[in-house]
Amino acid sequence: MENSKGATNRWLIIFGTILIQVSAGSFYAWSIFNNGFMMKSGGVVQVVDGVKKIVGGLPAGSVSFTFTLGMLCLSLATLAGIPLAKKYGIKVVSLCASVIYGLSILGLMTIGKGSSIWMLWLFGGVLLGAMNGVLYLTTLTNAIKWFPEKKGLISGISVASYGLGSFIFKYIDMAIAGGNGAITADNIGRVLLWWGILALILAVVGSFFLRDAPDNMAIPSNDANKPAEVDKTNFTTSEMLHTSQAYMMFFCLTTAVMFMGLLGAAVTNMAAAWTQAPNEVAVWGGTSAAATFVAIVALANTIGRFFMGWLSDITGRKTVFFITYIIQLLSLIALLMTKPGSMSMAMMYIVVIAMAFCFGGNITVFPTYVSDYFGLKNTSRNYSMIYQGFGIGAIIIGFLMASGNPLDPKKVTLSNGAVLTQNFTLTYWVLLVMVVISLAIFAFIKKPCQGQFKNVGFRQKEM
């Protein structure tokens with residue numbers, strides 16, 4: 001598909017990208033399945049010390065770690081997905097990944113009494129996460145390359161669709177479950193079946209709209225007498241990795257992603273710990289109030305992706321990063337200065353919505369930031385390297401929250417007496433330090449000069 005065919009065909013590619021991103025984003029509704037897998041594998045609900053708990057089955061910490069493992073595999077898979085898309089074409093790779101993605105969800109239906117945690121990790125972590133990464137990043141970077149004049153907007157649309165997938169499928173899954181929407185041993189098979197079928201259809205249909213973007217897409221000019229501009233900044237991946245800016249971006253992205261880990265599987269527990277009395281902390285996550293809380297957070301995340309992507313085209317990427325990281329810094333300070341159990345629900349909404357909105361904005365602007373610094377031609381491969389910060393951030397947050405051992409998290413007693421298996425205070429402090437360092441990086445980082453690689457025998461043939 002040539003650029004001369006106009007914007008209409010480019011927007012059809014964006015339509016296909018949106019369908020795929022919604023499908024891939026459904027993975028982020030994973031937290032609602034944790035209890036269901038525990039009960040399907042033999043766990044039963046019992047009252048322990050006056051609190052309802054699931055006893056038996058796969059361990060809670062191991063089940064929730066599936067999502068963290070999926071995040072790691074998601075980022076690692078992009079290293080293979082980008083070269084495969086380059087070799088075989090975006091449509092072929094997306095179709096193959098879509099089929100494996102859907103079948104992986106259906107494979108989760110085999111989890112039952114006596115199943116090994118390794119089976120859950122294989123289907124729900126390795127395969128589902130890896131195919132999610134291939135679908136997400138290959139289509140995102142391809143879409144950005146089609147619109148060099150609207151990189152922030154297109155990134156916002158694409159990544160917002162990814163966030164919207166979690167929001168939409170959370171309610172679809174709960175509706176299929178029936179009753180109060182809780183996933184149990186009795187309905188988890190039905191929910192997984194429909195999730196797999198719908199996700200597969202969306203991704204496969206979207207794949208047929210995709211076309212590979214040209215390597216040097218011209219930026220359209222509003223002046224008829226002025227030729228279209230072509231961005232001549234084209235760092236190869238090897239060149240990029242020899243710049244300090246690449247590692248600065250990696251650190252900042254890792255910091256941004258850690259907020260996702262905090263807001264993902266742990267957001268309801270965090271809200272309960274800081275707003276509820278000690279005896280209510282363990283049960284608040286299963287209430288309708290908690291479900292509404294999660295939905296609002298997901299919506300804020302989605303809005304942040306679209307709005308900040310659009311804003312970055314107007315104000316510049318650095319301005320957006322300064323806004324988002326300062327807001328996240330203030331949110332962390334608010335949590336650290338408030339005793340557990342004493343924060344009002346209104347304040348908790350403000351803090352978490354702010355974090356979710358800013359995380360959405362950050363994850364949207366990063367791919368365009370990388371293309372600004374290192375060029376559009378190799379942006380897919382370049383961003384796939386920086387994107388490894390996504391998996392690293394997910395792993396770090398998983399270990400911090402579990403006090404160092406996700407398979408056997410230590411119990412943490414808060415100042416109000418509530419006992420948790422998630423170490424929120426440690427996580428807040430580490431994030432606080434990393435956010436401050438990230439702000440310092442944004443204050444001093446400058447666009448690298450590609451000329452530094454010429455005449456020194458380093459510049460390699462572009463792949």
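1. Some ground rules. Residues are numbered from 1 along each chain as its sequence is written, and side-chain values use heavy atoms, with hydrogens and water left out. Since this is a predicted model, local features need pLDDT of at least 70 and side-chain atom pairs count only at pLDDT 80 or more, while totals for chains, interfaces and linings use all residues.

2. The big picture. You'll find 17 helices and four strands here (DSSP runs, numbered from the N terminus: H or I of at least four residues for helices, E of at least two for strands). Of the 463 residues, 54% are buried, meaning under 20% relative accessible area with a 1.4 Å probe, protein chains only.

3. A helix crossing. Have a look at H10 (residues 267-275) and H17 (residues 424-444): their axes come within 12 Å and cross at roughly 105 degrees. Axes here are lines fitted to C-alpha atoms over the stretch in contact, with angles from 0 to 180 degrees between N-to-C directions. So H10 is roughly perpendicular to H17 (the label for 65 to 115 degrees).

4. Who touches whom. On the H10 side, Asn 269, Met 270 and Trp 274 meet Phe 424, Thr 425 and Tyr 428 of H17; contact means heavy atoms within 4.5 Å.

5. Taking contacts between residues at least 6 apart in sequence, 81% join residues at least 24 apart.

Notes
Parallel < 35°, antiparallel > 145°, perpendicular 65-115°, else oblique. Buried < 20%, exposed > 50% of the residue type's maximum accessible area, 1.4 Å probe, protein only.
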